[in-house]
Amino acid sequence: MNFLLPLTGSFAKPAAENPTVAMIEAAYRAMGLDWRYLNCQVDPADLGDAVRGARAMGWRGFNCSIPHKVAVIPHLDELGTSARIIGAVNTVVRDGDRLIGENTDGRGFVKALQQVCDPMGKTVVLFGAGGAARAVGVEMALAGAARITVVNRSPDRGQTVVDLLNDQTDARADYAPWQGSFRIPQGTDIVIHATSVGLYPDVDAMPDIDLDSITPDMVVADGIHNPPLTRLLKAAQDKGCKTADGLGMLVQQGVIGIRYWTGKDADPAVMRQALLDLEL
Ligand code: NDP
């Protein structure tokens, strides 16, 4: 029996306005794939049924966002290394009858960063300790970062990420309190901003970082994708720093997801343009 997916129902946002949908469907078109990527709103109480539905309908996989990133785990058969360490899943991949949970948040970030610098052996200052910072910290460690200082407003969350990095990876991590304007220590190679400060619509907000402590030899990266050129990145560029933006992180996560689902490489330039066309 064939089931036809009705194009009504509980879609989270009109598909044309959803950045991930726009980006992934643009990649599929450019790859000549007659595939679809749909966004559905799933109530937490319905998560198990939704995963069973994805299995039953033979989906190649799916992404899941907050609040499902942790809750989805008991419904899956296996976790990839990053998802296991991070404790959250944002990408699910079908392998035969099995559903494997992966986490591409941090891997997308590292892939985008690698276009300007290699994390191997580097000293990193990481602002934030939420889901994005946790994923980025773990992947930076797995990519060989030697030392990671986590700077976060609430100490408990910051220390939790530090403990995770020290317990589960080879990087050495420590916590630094964020009280007033934070001075980046000399000798830092990479500065990563992974809090939500500066996210649209608060585009004039700036993380409280002493810009005088940022030197041109540092690489500065921002996880905020909307706007792509945050005030922090603009200030860093004005100082002559190399930078990596959050749009690159989003695009590279999509490239990794498409590779998992289709086995093929998508064109990041096509995907970035699809996001820019949405006037993010
Ligand atoms: P969370 O809510 O899990 O964490 C938010 C983080 O921001 C916490 O560390 C929080 O600190 C900090 N924070 C919030 N407000 C302030 C403030 N006024 N001053 C200092 N710190 C503050 O969010 P996520 O980690 O999921 O997301 C963080 C950002 O990363 C978002 O902007 C999101 O858009 C972006 N992101 C980008 C992706 C991409 O592909 N480009 C992918 C995923 C996320 P505290 O612990 O003290 O509350």
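The legends below describe close-up views of one predicted model.

In this predicted model, local features need pLDDT of at least 70 and side-chain atom pairs count only at pLDDT 80 or more, while totals for chains, interfaces and linings use all residues. Residues are numbered from 1 along each chain as its sequence is written, and side-chain values use heavy atoms, with hydrogens and water left out.

**View 1. The protein chain is assigned two domains.**
Domain 1 covers 2-103 + 248-277, and domain 2 covers 107-244. These bounds come from an automatic or database domain assignment. Taken over C-alpha atoms, the centres of domain 1 and domain 2 are separated by 26 Å. Where the domains meet, 13 residues of domain 1 are in contact with 16 residues of domain 2; contact means heavy atoms within 4.5 Å.

**View 2**
Helices (H or I, at least four residues) and strands (E, at least two) are DSSP runs, numbered from the N terminus. Two strands pair if DSSP finds at least two bridges between them.

**View 2. Strand 5 pairs with strand 8 and with strand 6.**
Strand 5 (residues 123-127) and strand 8 (residues 190-193) run parallel and are joined by four bridges. The pairing of strand 5 and strand 6 is also parallel, over five bridges. Leu126 has Ile192 as its bridge partner in strand 8 and stands opposite Val150 in strand 6. Five of the six residues of strand 6 are buried, where buried means under 20% relative accessible area, exposed over 50% and partly exposed in between (1.4 Å probe, protein chains only).

**View 3. The largest nonpolar core has 33 residues.**
A nonpolar core is a set of buried Ala, Val, Leu, Ile, Met, Phe, Trp, Tyr and Cys residues joined through side-chain atoms within 4.5 Å. In the largest core, Phe109, Leu113, Met140 and Ile148 touch the most other members. Elements that each supply at least two residues of this core include helix 4 (105-113), helix 5 (131-142), strand 6 (147-152) and helix 6 (155-168). Helix 5 gives the most, with six residues. Both domain 1 and domain 2 give residues to this core, so the core lies between them. A second, separate core of 17 residues includes Met23, Tyr28, Ile258 and Trp261.

**View 4. Phe127, Trp178 and Phe182 are linked into a cluster by ring pairs.**
Rings of Phe, Tyr and Trp (its six-membered ring) pair if their centres lie within 6.5 Å; planes under 30 degrees apart count as stacked, over 60 as edge-to-face and the rest as tilted. The whole structure holds four aromatic pairs. The pair of Phe127 and Trp178 is tilted, at 4.9 Å centre to centre and 55° between the planes. Phe127 lies in strand 5 and Trp178 in the loop between strand 7 and strand 8, so this pair ties together parts 51 residues apart in sequence. The ring centres of Phe127 and Phe182 are 5.5 Å apart with planes at 90°, so that pair is edge-to-face. Phe182 is in the loop between strand 7 and strand 8, 55 residues from Phe127. Relative accessibility is 0% for Phe127, 15% for Trp178 and 12% for Phe182.

**View 5. Ile209 is in contact with Phe127, Trp178 and Phe182, among others.**
Ile209 has its place in the loop between strand 8 and strand 9. Ile209 is buried, with a relative accessible area of 6%. The C-alpha atoms of Ile209 and Phe127 are separated by 9.6 Å, although the two residues are 82 apart along the chain. Leaving aside neighbours within four places in sequence, the contacts of Ile209 also include Ser181, Ile184, Ile214 and Leu232.
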